[in-house]
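Hi everyone, thanks for coming. Let me show you the structure I have been looking at, and then we can walk through how its parts meet.

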Amino acid sequence: MRALFLAFALLVAAPLAGHAQTNPQVSGTPTSPTPMMPPVADELEVLKALQGGRVAGRISIPDERAASLIQPGGRSWREFHNVTLAWVGGVAVLGMLALLAVFRLTKGRIPVEGGLAGRTIQRFNTLERANHWMVASTFIILALSGLNLTFGRHVLLPVIGPEAFTAISQWGKYAHNFLAFPFTLGIVLMLLLWAKDNIPNGRDITWLKQGGGLVGHGHPDSDRFNAGQKGIFWITVLGGAAVAVTGYMLVFPFFFTDIAGMQLSHIIHSIVSVLMIAVMLAHIYIGTLGMEGASDAMTTGQVDLNWAKQHHNLWAARELAKGRGAAAPADAKAAGAD
Amino acid sequence: MARMKFLLDAERCIECNACVTACKNEHEVPWGINRRRVVTINDGKPGERSISMACMHCTDAPCAAVCPVSCFYTTADAVVLHDKDLCIGCGYCFYACPFGAPQYPRVGNFGSRGKMDKCTYCAGGPQADNTEAEYIQYGSNRLAEGSLPLCAEMCSTKALLAGDGAVIAQIYRERVQKRGYGSGAWGWRTAYRETVAI
């Protein structure tokens, strides 16, 4: 009876003991491959058991990344980079350009109703404009050097040849890496300067319903920024934050994450980037070609009063009221006093 | 022309790292770069095997497919090589490579990793064969001399085979048939979309 009990206990304990023996982490063993490596040596069985996970083991050299033997994730990343990203980026950028061209041809330039007043009002101060152009100029270089990494090989390389293309791509890479810093700083400043005027409210829903801005004909009430501009602002700030975070992961390779994390960082970085480029093309269009009087806001900072009343009536009214309520300078003389 | 491949018979590899040392010495590979390495899977457990891995010189190579500057090319012997004068060190080939073959002289520092380095199948690079310029950039060019990669040549147990794919597959097939077991030609399905049918 006792022997039987002992045999039973051993039988129960054996798999547990076996489990305990195989489980402890040997120091230096990478913990990343999930699910666990199966206790077989056959390549096909291992790959099947890991279901697309990484085959990893122990390595006697200090480079931890070298312990990864086969990473099937590379195939998915290749598919993303060569197919998905090329399509999404191509359709987003070229599609937006085509859309804007159609828009320009059918609708033309949005005029200032009633013509220019001749009197101007301050819309953006020097700090706001300087910061806008720091973000804008770095964004353009980041966008072009980024697009070059995905499309340059097919578009530019056949035209200018491998040596010149490598030189451009090399400088583009340096520019991309270093201009990331002023771009990030500018995004942070933008958030601090403009967040208070970009908080969504009920008026934005009305504005969208009435089709303000580019699409509709009505002139829904709008404060300093309308719903469309608020959209641009949050796309810039949140999208900018996403590309900044993932970009720093890529700029400091393997410092924060492993190979799967690097691939994911690149996927997020590139998809958010191409979508932002498409949105910014629309932003550039309406700020310059698409609307009369709009570009003044970011060049001189002084917009025409009629433009302000047409597009930002609530803001314009508030600014004018501020002016009326302000105390006159000490040396100001009443009209007709001299 | 031959279709050059590597084949690792994991039943024979004893993790002596002679292939790694031979490679390092032959090409004077700098510190921190390992064109070839030995990974031990299931270390200390049932199913423990050591596998020597380098660039497998894939069919339809992923590195070449994703390279933004298109610096890779395939030789007549189906060896995948790259031009270091064109490489911008972006690191994309490392993300795509299933075997972790691409190596970079530096880590991080705003991604300025330097020109990528990897196993050349002892076939040098785009420079003229066995010139000093080729040696400095890519190491020796044994293939041009009619020799096979030194890692496989020096393998004491002949676990690592290099040569024409059909020939080394036949050697492996005969071994498996004689012993009655084998753990597969590691990396072949991933690199060449085929396995060695026994």
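Strands here are DSSP runs of E with at least two residues, helices are runs of H or I with at least four, and both are numbered from the N terminus. Two strands count as paired if DSSP finds at least two bridges between them. One partner to look for is B:Val39 in strand 2 of chain B, which bridges to A:Ile59.

A quick word on the model: it is predicted, so local features need pLDDT of at least 70 and side-chain atom pairs count only at pLDDT 80 or more, while totals for chains, interfaces and linings use all residues. Residues are numbered from 1 along each chain as its sequence is written, and chains are lettered from A and ligands numbered from 1 in the order in which they are written.

Now, how many residues of chain B are in contact with chain A? There are 42, and they meet 51 residues of chain A; contact means that the C-beta atoms, placed from the backbone, lie within 7 Å. On the chain B side, the elements giving two or more residues are strand 2 (36-41), strand 3 (49-54), helix 2 (62-66), helix 3 (92-96) and helix 7 (188-192). Strand 2 of chain B gives the largest share, four residues.

Finally, chain A has domain 1 (39-71) and domain 2 (73-324), with bounds from an automatic or database domain assignment. Their C-alpha centres lie 43 Å apart, and each domain gives four residues to the contact between them.

Notes: Two residues are in contact if their C-beta atoms, placed from the backbone, lie within 7 Å.
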